[in-house]
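Here is a quick walk through one structure, meant for someone seeing it for the first time. Have a look at it below, and then read on.

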Amino acid sequence: MAKRKFSVSHLKDSGFRADGLRAFFEYRDLGVKAATGGGALAHVIRARPGGAFVGKTHWHDTEFQLVYVLKGWIKFDYEGVGEVLLEAGSCAYQPPGIRHRELGHSDDIEILEVVMPGNFKTVELPDH
């Protein structure tokens, strides 16, 4: 088992980077991945100014994935569930392997995402 250590993040509005999974988002790592030796990941995701939105159907090879909306709104289409609108204060648990696609988000969207393991694979599916 990887060594775990205490971690705290106080960056607030700084520390966002545009090198994450989606080019239209910016990601702020909260230090959990390093603290857990890759056992978990926690980051804040927000809309990237000027980022062109593209919603592709995909799934994540995870054990656990939770999304909590801090600000704004985001809309998904989940396989077997349908369209789900998440607004500030909404929380969604995405079961491992569930196919989904983002349909849109507000310009001010900010979400907290927690994923296990910290290194996970995303599989994009071909467009129909």
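## A look around the core

Setting aside neighbours up to four places away in sequence, Ile74 contacts Phe25, Val69, Val84, Leu85, Leu86, Glu102, Gly104, His105 and Ile109; contact here means heavy atoms within 4.5 Å. Keep in mind that this is a predicted model, where local features need pLDDT of at least 70, side-chain atom pairs count only at pLDDT 80 or more, and totals for chains, interfaces and linings use all residues. Residues are numbered from 1 along each chain as its sequence is written, and side-chain values use heavy atoms, with hydrogens and water left out.

Ile74 also turns up in the largest nonpolar core, which has 14 residues. A nonpolar core is a set of buried Ala, Val, Leu, Ile, Met, Phe, Trp, Tyr and Cys residues joined through side-chain atoms within 4.5 Å. Buried means under 20% relative accessible area, exposed means over 50%, and partly exposed is in between (1.4 Å probe, protein chains only). The members that touch the most others are Phe25, Val69, Ile74, Leu86, Ile109 and Ile111. Two or more residues each come from β1, β2, β4 and β5 (73-78), and β5 gives the largest share, with 3 residues. Those strands are DSSP runs (E, at least two residues), numbered from the N terminus.

## Charged pairs

How many salt bridges does a search of the whole structure find? It finds 2, taking a salt bridge as a side-chain nitrogen of Lys or Arg within 4 Å of a carboxyl oxygen of Asp or Glu.

| Salt bridge | Closest N and O atoms |
|---|---|
| Arg46 and Glu26 | 2.7 Å |
| Lys75 and Glu83 | 3.0 Å |

Arg46 pairs with Glu26, and this links distant parts of the chain: Arg46 sits in strand β2 (residues 41-47) and Glu26 in strand β1, 20 residues apart. Arg46 is partly exposed because its relative accessible area is 22%, whereas Glu26, at 14%, counts as buried. In the other pair, Lys75 is partly exposed at 29% and Glu83 is exposed at 55%.

## Two more stops

Thr62 lies in the loop between β3 (58-61) and β4 (64-71). Its relative accessibility is 7%, so Thr62 counts as buried. Beyond four places in sequence, Thr62 touches Pro96, Val115, Met116, Pro117 and Phe120.

Ser9 belongs to the segment before β1 (25-29) and is partly exposed, at 26% relative accessibility. Again leaving out residues up to four places away, Ser9 touches Arg28, Asp29 and Leu30. Ser9 and Val32 are 23 residues apart in sequence, with their C-alpha atoms 9.2 Å apart in space.

Technical notes: Helices (H or I, at least four residues) and strands (E, at least two) are DSSP runs, numbered from the N terminus.
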